[in-house]
Amino acid sequence: MAGIPRRGEDWLSILRRLHGVLKRVPDHYTGGILGSMTTPPHPLGSLVFQLFHLYNINDLELFAELRGLEEEAVSMMGEIMGCEGCTGMVTSGGSEANLAALYLAREHGYDTVYVAPTAHDSVFKAARLLRMKLVEVGLDGEYRMSARILEEKMEANGPGIVVVTLGTTGLGLLDPVEKIASIASSQGGVVHVDAALGGFVAPFLYPERRLGFQNPAVVSVTMDPHKLGLAPIPAGGLVVRSEEWFSPLVFKSSYMPAGIQIGLLGTRTAASAVATWAVMRHVGMEGYRRQARRLMGLARRFIRLAESRGLKVAAEPEVPVVCLETGDADEVLKRLASRGLLLYRCGVVEGVRVVVMPHVTYGHLKRVVEVLTRLQG
Ligand SMILES: Cc1ncc(COP(=O)(O)O)c(C=O)c1O
């Protein structure tokens, strides 16, 4: 491994080396990256990111105008999730947003977390970091959080924060938010909606459902611009019902001109928030609706093709994540990878999954089916 050179290296030799690196890392467009929730961002996002990456948005006095754009970005996300007048922040991703959301709940006196085994790892990580009590809630017959089991568990363990997932990482399902929220509320609890993946798709696909703040028990939502919001990495979203609920994330700063900073970090690049703002303004509700329909349509075509070849789909997804029940996921993933197809594990089901992100084409999906059919045959 090369150490730090005594005399600095010139640009050209550094860039030459990095060019080689870029040629070796997997590439989204050739179809290799089929399990990750990352996708090339909208070019406007990349441009704006470059322009604003040098400003610290957590310097709330010097860059108050940039914090204003962050507030607008959060408010747009809130609108998608059924909220007017919500507040919050752009985070580094879904994990930070979930950690911050559980921290808020704990500070408001809810120190028990009710969570299904299909929730994202970051929820379990956050509960552990915050030393909150974790109560696992079993699934119904279709891999969603069971409202009946939640009620029993809350009766036995008392109020807490229930984390529901909109777009489970392994199976692309929506937990029954409306039912869960009404149970949580009747048991004196609150709800956090982890819509890291689903936030930019589910409200567009199921406009008749109350998936977010329309439920009074919902206090916060995670939805990630750097997944299906088309913003560059890193950009997560934490949307919170009120200033009052958000207030534990406002920390005293002994030296910053504003006297406060917000969130779990100190210095935060303005690039994430401003690029998110720009991309959301540009794509608009109609753009996200079109994208959601296109990706879900592609996922359904993939399912039909897979089933016509005798492959088994674990569950009919509600957001564009398709899990194929293959058995021995590690072995199947290895074999797919040796053919350049990089899928991930489903988790609760022994199988492999594809996330149909904007860069994924039907051609890529056909190849997955062809290779899997040969492997299974
Ligand atoms: C439902 C859900 N929540 C949270 C996360 C974590 O997001 P990030 O990787 O941006 O921290 C993910 C990532 O896949 C996710 O699917």
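Which strands and which helix do the buried residues of H7 pack against? In this predicted model, they pack against helix H6 (147–157) and strands E4 (161–165), E5 (190–194) and E6 (218–222).

Helix H7 spans residues 177–186, and its buried residues are Val177, Ile180, Ala181, Ile183 and Ala184. Viewed down the helix axis, the buried residues of H7 fall within an arc of 165°, so they line one face of the helix. An α-helix has 3.6 residues a turn, so residues three or four places apart point the same way. After H7 comes Gly188, whose phi is positive, near 80°.

Together, E4, H7 and E5 make a right-handed β-α-β unit. The strand pairings of E5 are as follows.

| Strands | Bridges | Direction |
|---|---|---|
| E4 and E5 | Five bridges | parallel |
| E5 and E6 | Four bridges | parallel |

Within these pairings, Val164 has Val193 of E5 as its bridge partner, and His192 stands opposite Ser220 in E6.

Five of the five residues of E5 are buried, so this strand is largely enclosed by the rest of the structure. Val190, His192 and Asp194 lie on one side of E5, with Val191 and Val193 on the other. Leaving aside neighbours within four places in sequence, Val191 is in contact with residues including Ile180, Ala181 and Ala184, as well as Val162, Val164 and Val219.

Ile180 and Val191 also belong to the largest nonpolar core, which has 120 residues; they are among those with the most contacts inside it, along with Val239, Val274 and Val356. Helix H10 (residues 270–308) gives the largest share of this core, 18 residues. The core draws at least three residues from each of domain 1 (23–41 + 284–376) and domain 2 (44–282).

Definitions and conventions. Residues are numbered from 1 along each chain as its sequence is written. This is a predicted model: local features need pLDDT of at least 70, side-chain atom pairs count only at pLDDT 80 or more; totals for chains, interfaces and linings use all residues. A residue is buried if 20 or more other C-beta atoms lie within 10 Å of its own, exposed if 12 or fewer, and partly exposed in between; C-beta atoms are placed from the backbone. Helices (H or I, at least four residues) and strands (E, at least two) are DSSP runs, numbered from the N terminus. The arc is that of the directions from the helix axis to the C-beta atoms. Two residues are in contact if their C-beta atoms, placed from the backbone, lie within 7 Å. A nonpolar core is a set of buried Ala, Val, Leu, Ile, Met, Phe, Trp, Tyr and Cys residues joined through C-beta atoms within 7 Å. Domain bounds come from an automatic or database domain assignment. Two strands pair if DSSP finds at least two bridges between them. A crossover is right-handed if, with the strands pointing away from the viewer, the path from the first strand over the helix to the second runs clockwise.
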